[in-house]
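Work through the following exercises with the coordinates open beside the text, and settle each task before reading its solution.

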Amino acid sequence: MSIRHSLLALLQDQPRYGYQLRVEFESRTGATWPLNIGQVYTTLDRLERDALVAKEGDDGEGHVVYSITPAGKAEVRSWFAAPVERNNPPRNELAIKLALAVTLPGVDVQAIIQAQRVASIRALQDYTKARRDTAANQRAADTAWLLVLDSLIFQTEAEVRWLDLCEARMVQQAQAAATSAGRKTSNGATEDAPLNADSRR
Amino acid sequence: MSVQGPQQVLELAKVGRTFGEGATAVAALRDVHLTISAGEFVAVMGPSGSGKSSLLAVAGGLDRPTSGAVYVESTPLAGLRLNELARLRRRAVGYVFQDFNLVPTLTAAENVALPLELDGISARKAHRQAADALRQVGIPELADRFMDQMSGGQQQRVAIARAIVGKRRLILADEPTGALDSTTGQGIMEVLRARADAGAAVMLVTHEPRHAAWADRVVFLRDGRIIDQAAAMHDPTMLLTQAGL
């Protein structure tokens with residue numbers, strides 16, 4: 001997540017001081033990503049160093065107010081215009097765990113899949129309930145929180161579907177291996193189980 | 001006799017269902033224990049052939065278990081004669097099927113009133129209750145439409161109205177969103193959720209994680225057995241923290 005660009009975007013709205021930026025950021029993203037106030041000030045220092053923001057002075061109560069520069073506005077425009085960069089491919093601990101599990105002997109992959117499925121469904125239940133509760137009492141400020149919840153729901157749903165696919169593939173491979181072993185026993189011929197070819201994909 | 005709390009609407013005790021005999025016998029359900037209380041929404045998930053639909057059929061008295069016992073509102077289904085079972089199904093249990101099972105020559109209101117009229121309730125009273133059920137599912141204005149004048153989503157709402165009409169306390173739904181778009185599917189979940197919140201026991205068979213997530217409890221079936229259950233934590237803030245967000 002780009003704190004740098006998020007703060008710049010908020011300053012484009014109007015000049016603000018550090019604590020205001022933090023509060024504004026959290027309220028607009030449904031407090032999903034709490035910001036450390038130290039991070040805010042460090043980021044503001046860097047933005048000032050790069051001439052993207054400038055100190056406007058004191059607000060009379062001892063707060064240093066920052067405003068965005070023309071270069072800062074250009075930076076915000078290009079941030080909104082560019083798609084979010086993906087790590088290539090995005091690091092996904094679950095995919096890594098399963099990829100290792102299927103290649104190691106003695107690991108109960110189905111048990112790993114099921115444990116994850118229960119945890120993911122539980123998360124999906126909680127997100128769905130939070131979404132239902134928020135939608136039922138919706139205030140204007142909740143729109144951002146609903147968008148964040150929708151995003152979490154989509155991601156978690158995709159995870160469960162992918163787990164279903166992994167399990168179905170494991171079952172197919174086991175059946176193919178069993179069939180192949182059966183043929184081998186009955187007529188003495190040896191055939192490569194599709195398991196071998198498939199597991200290298 | 002089963003030991004039940006007053007709020008328990010459905011209980012399956014050591015339920016087994018086997019099709020066929022001897023070497024070709026297939027066990028669709030094995031030693032299933034499951035209870036659903038009033039106000040509880042339970043989703044059943046599992047791969048194809050895991051026994052989901054068999055579970056629903058046995059729970060609603062559409063099929064009899066080969067072993068174990070099923071209780072609906074403390075009544076053991078095994079002890080009922082066929083006509084008594086039919087009466088209990090009409091009065092206490094509502095079913096929603098994937099293919100709706102509506103009568104095309106009847107209007108929406110007539111379809112919904114049908115089980116009540118079959119049960120001997122006067123046509124006038126039955127139609128008043130049908131109108132109320134159609135209002136609960138959000139389509140009171142479609143009461144006089146025939147099925148071929150309604151979209152798939154609207155027909156499914158009629159099917160749900162028929163399942164909840166009267167004082168049914170157990171609602172059983174088998175993939176009720178199968179052929180529907182995702183917005184309509186969500187509308188169906190809202191209706192089922194509202195019925196549970198109003199005190200009915202709801203059991204939903206589904207392969208859609210997004211729909212199962214509306215339930216208070218998700219039961220996972222595999223090879224006819226319940227292998228896991230998931231219940232919501234009801235504290236999404238904690239969850240977000242755990243997710244590292």
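Two residues are taken to be in contact if their C-beta atoms, placed from the backbone, lie within 7 Å. The model is predicted, so that local features need pLDDT of at least 70 and side-chain atom pairs count only at pLDDT 80 or more, while totals for chains, interfaces and linings use all residues. Residues are numbered from 1 along each chain as its sequence is written, and chains are lettered from A and ligands numbered from 1 in the order in which they are written.

**Exercise 1.** Describe the side of chain A that touches chain B.

Solution. Begin with the count: 19 residues of chain A are in contact with 17 residues of chain B. Next, assign them to elements, where helices (H or I, at least four residues) and strands (E, at least two) are DSSP runs numbered from the N terminus. On the chain A side, α6 (109-136) and α7 (142-187) each supply at least two residues, and α6(A) gives the most, with 12 residues. Finally, sort this side by residue class, with Ala, Val, Leu, Ile, Met, Phe, Trp, Tyr, Cys and Pro as nonpolar, Asp, Glu, Lys and Arg as charged, and the others, Gly among them, as polar; the result is 10 nonpolar, four polar and five charged residues.

**Exercise 2.** Which residues touch the most other members of the largest nonpolar core?

Solution. A nonpolar core is a set of buried Ala, Val, Leu, Ile, Met, Phe, Trp, Tyr and Cys residues joined through C-beta atoms within 7 Å, and a residue is buried if 20 or more other C-beta atoms lie within 10 Å of its own. The largest core has 83 residues, and B:V44, B:V112, B:L134, B:L192 and B:V202 touch the most other members. Its largest share, seven residues, comes from α7(A). A second, separate core of 12 residues includes A:L44, A:L47, A:L52 and A:I68.
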